[in-house]
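Please examine the chain shown below, moving from its overall dimensions to its sheets and then to a single loop residue. The paragraphs that follow keep to that order.

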Amino acid sequence: MTFRILPRAGLAAGVVALSISMTAGAVEAKEPQAALEAALARQPETAPAKNVILFIGDGMGVSTVTAMRILAGQRAGVDGASYDLAFDTMPYGGLVRTYSVDGLVTDSANGASAITTGYRTINGAIGVDGEARRGVCDPARNVPTLAQRAKRELGKAVGVVSTAAITDASPAAFYAHVPARGWQSDVDMPAAAREAGCVDIAAQLVLAPDDIRPDIALGGGLTFFRPEAAGGRRKDGQDLAALWTSRPDSAFVTDRDSLNAAVAEGRDVLGLFADLHIPHEVDRPTAAPQTPTLEEMTRAAITRLAAEPQGYVLLVEGAHIDKAHHAGLLNASLTEGVELSKAVAAAKDMTDPTDTLIIVTADHSHGLAINGGARGDDVLGLIKGPTGAPMLAGDGLPLPILTYSTGPGGPKAGEGRRDLSDVDVTAPDQVRQAGVLLGSAAHTGEDVPAYADGPGAYLVTGSMDQPYLFQVMRHALRLPVKAP
Ligand SMILES: [Zn+2]
């Protein structure tokens with residue numbers, strides 16, 4: 001079977017149309033029959049997993065994945081709709097329900113925590129059960145994370161990687177327990193909570209006992225680890241970066257070269273590459289030429305963790321898909337999605353599917369709509385009419401292929417939609433049009449996708465509940481149902 005894009009002119013000719021019907025799907029890159037044969041030949045991998053890698057595309061709903069795929073293909077110079085992201089070729093998958101204890105729509109704290117602990121909680125809480133109350137220090141509500149259990153009970157190494165501050169909600173869900181995600185340093189906590197014995201997220205990362213502490217943690221968030229005297233936020237005087245390196249064979253790094261050197265030496269690595277979040281990839285040439293990419297951090301973490309004989313668990317978060325969506329910066333968001341796909345490709349390249357379970361999912365969705373457009377048109381652009389000029393919507397104005405349901409690109413009260421006829425909507429700094437004005441685009445509550453490959457991946461299937469993904473990973477590692 002051959003694949004070719006048939007010329008539009010050919011579609012009008014009757015003789016050619018006959019041959020098209022004989023090769024239905026000729027404009028598709030996937031071979032449906034080959035895909036079926038692969039599915040028929042597939043045997044579920046039921047052996048235990050030595051390693052587990054969990055990728056969270058923050059805010060990466062189904063329509064975001066579709067748009068990422070089209071953009072990635074178009075940037076590669078091929079058809080976007082039929083292109084494959086690194087996780088599109090994984091053999092198993094399904095849909096995941098994402099609500100929280102108190103909301104139809106979840107935030108990243110509950111969303112990530114449900115995956116990493118098996119417990120839903122209220123929005124804003126991390127590493128605690130469903131009884132936790134917002135901002136109330138109650139250590140009895142803490143529940144162990146997959147990473148903590150894998151290290152303590154099985155001797156696995158642990159890694160956590162994010163483009164956000166490493167104390168941000170999603171990465172914190174691998175190692176921290178707080179009833180309020182904002183508790184990133186001591187000054188971000190109420191005094192009553194400190195006096196009741198609760199500890200901020202940065203301190204939980206660095207001061208954790210050796211048998212649960214991550215072996216490598218890479219992201220941003222330096223300010224939460226440094227005392228005021230050294231330019232950070234902390235008022236308790238602790239220099240957590242210095243405390244990290246006070247342990248044997250440990251390194252604190254802030255740039256790509258020192259990261260790679262510390263990994264080559266097999267050290268426990270705390271890498272903080274930005275004061276807050278790592279800059280968006282679209283800003284890299286000017287903002288962060290020495291900052292490792294998500295793919296580079298993922299490669300460094302796997303290299304470091306693969307040296308451990310007992311195996312490892314690793315969380316990798318593509319945080320800026322969500323953060324750019326919030327700001328209406330669609331080009332930046334989808335570019336971060338393509339970066340996440342590169343990180344997944346690196347993980348597939350560096351691991352063996354017979355011993356490593358890889359799951360790719362999202363904590364929640366964002367309201368992105370794909371409104372139309374021809375196959376070859378720039379997915380970041382406007383929908384075109386038959387003449388090539390922008391198609392006009394019912395209000396007489398052009399309509400982008402992609403729009404948000406809510407966000408900073410929405411119309412102000414009493415004003416209509418902006419006329420985009422003379423605007424380069426594809427530019428990275430353009431705020432994308434939204435249906436309703438919100439200063440920050442809202443998360444949305446529909447299901448998100450999950451993709452899986454490796455031991456236990458066959459259990460990722462159908463309509464799943466977010467905490468079920470924890471159970472899949474727990475089972476794949478052969479951790480008992482309850483921690484001892
Ligand atoms: Zn968000």
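**Overall organisation**

Of the contacts in the chain with a separation of 6 or more, 70% are between residues 24 or more positions apart. The model under discussion is predicted. It holds 16 helices and 15 strands. The radius of gyration of the chain is 23 Å, close to the 23 Å that the globule rule gives for 484 residues, and the chain is therefore as compact as a globular protein of that length. Along the principal axes, the C-alpha atoms fill a box of roughly 75 × 60 × 45 Å. Of the 484 residues, 50% count as buried.

The domain assignment divides the chain into domain 1, covering 8-41, and domain 2, covering 51-367 + 442-477. The centres of domain 1 and domain 2, taken over C-alpha atoms, are separated by 41 Å.

**The ten-stranded sheet**

Ten strands make up an open sheet of mixed pairing, in the order β5-β6-β4-β3-β7-β1-β8-β14-β2-β15. Its edge strands are β5 (250-253) and β15 (461-465), each of which pairs on one side only. From one strand to the next, the twist averages 15°.

Within this order, strand β7 (residues 312-318) stands between β3 and β1. How many bridges join β1 to β7? Strand β1 (residues 51-57) runs parallel to β7 and is joined to it by six bridges; Val-52, for example, has Val-313 as its bridge partner in β7. Strand β3 (residues 157-165) also runs parallel to β7, and six bridges join the two. Here Val-158 has Val-313 as its bridge partner, and Ser-162 has Glu-317.

Is β7 enclosed by the rest of the structure, or is it open? Seven of the seven residues of β7 are buried, so the strand is largely enclosed by the rest of the structure. The burial extends to both faces: Tyr-312, Leu-314, Val-316 and Gly-318 are buried on one side, and Val-313, Leu-315 and Glu-317 are buried on the other. Helix α13 (residues 294-305) lies across β3, β4 (216-220), β6 (268-272) and β7, and runs at about 170° to β3.

Strand β8 (residues 356-361) pairs with β1 in the parallel sense over six bridges, and Asn-51 stands opposite Thr-356 in β8. The pairing of β8 with strand β14 (residues 448-453) is antiparallel and comprises four bridges; in this pairing, Val-360 stands opposite Tyr-451 in β14. Strand β8 is mostly covered, six of its six residues being buried. Thr-356, Ile-358 and Val-360 point one way from β8, whereas Leu-357, Ile-359 and Thr-361 point the other way, and all are buried.

**The three-stranded sheet**

A further open sheet consists of three strands in the order β10-β11-β12, again with mixed pairing. Strands β10 (368-370) and β12 (434-437) are at the edges, each with a single partner strand, so one side of each is left without a neighbour in the sheet. The twist in this sheet averages 20° from one strand to the next. Strand β11 (residues 402-407) pairs with β12 in the parallel sense over three bridges, and the bridge partner of Thr-406 in β12 is Val-436. Helix α4 (residues 62-75) lies across β10 and β11, running at about 55° to β10.

**A buried loop residue**

Val-128 belongs to the loop between α5 (108-117) and α6 (146-154). Which residues surround it in contact terms, leaving aside neighbours within four places in sequence? Val-128 is in contact with Thr-121, Arg-141, Asn-142, Val-143, His-177 and Pro-179. Of these, Pro-179 is 51 residues from Val-128 along the chain, and the C-alpha atoms of the two are separated by 7.0 Å.

Notes. Residues are numbered from 1 along each chain as its sequence is written. This is a predicted model: local features need pLDDT of at least 70, side-chain atom pairs count only at pLDDT 80 or more; totals for chains, interfaces and linings use all residues. A residue is buried if 20 or more other C-beta atoms lie within 10 Å of its own, exposed if 12 or fewer, and partly exposed in between; C-beta atoms are placed from the backbone. Two strands pair if DSSP finds at least two bridges between them. Domain bounds come from an automatic or database domain assignment. Axes are lines fitted to C-alpha atoms, for helices over the stretch in contact, and angles run from 0 to 180 degrees between N-to-C directions. Two residues are in contact if their C-beta atoms, placed from the backbone, lie within 7 Å. The radius of gyration is taken over C-alpha atoms; the globule rule is 2.2 Å times the number of residues to the power 0.38.
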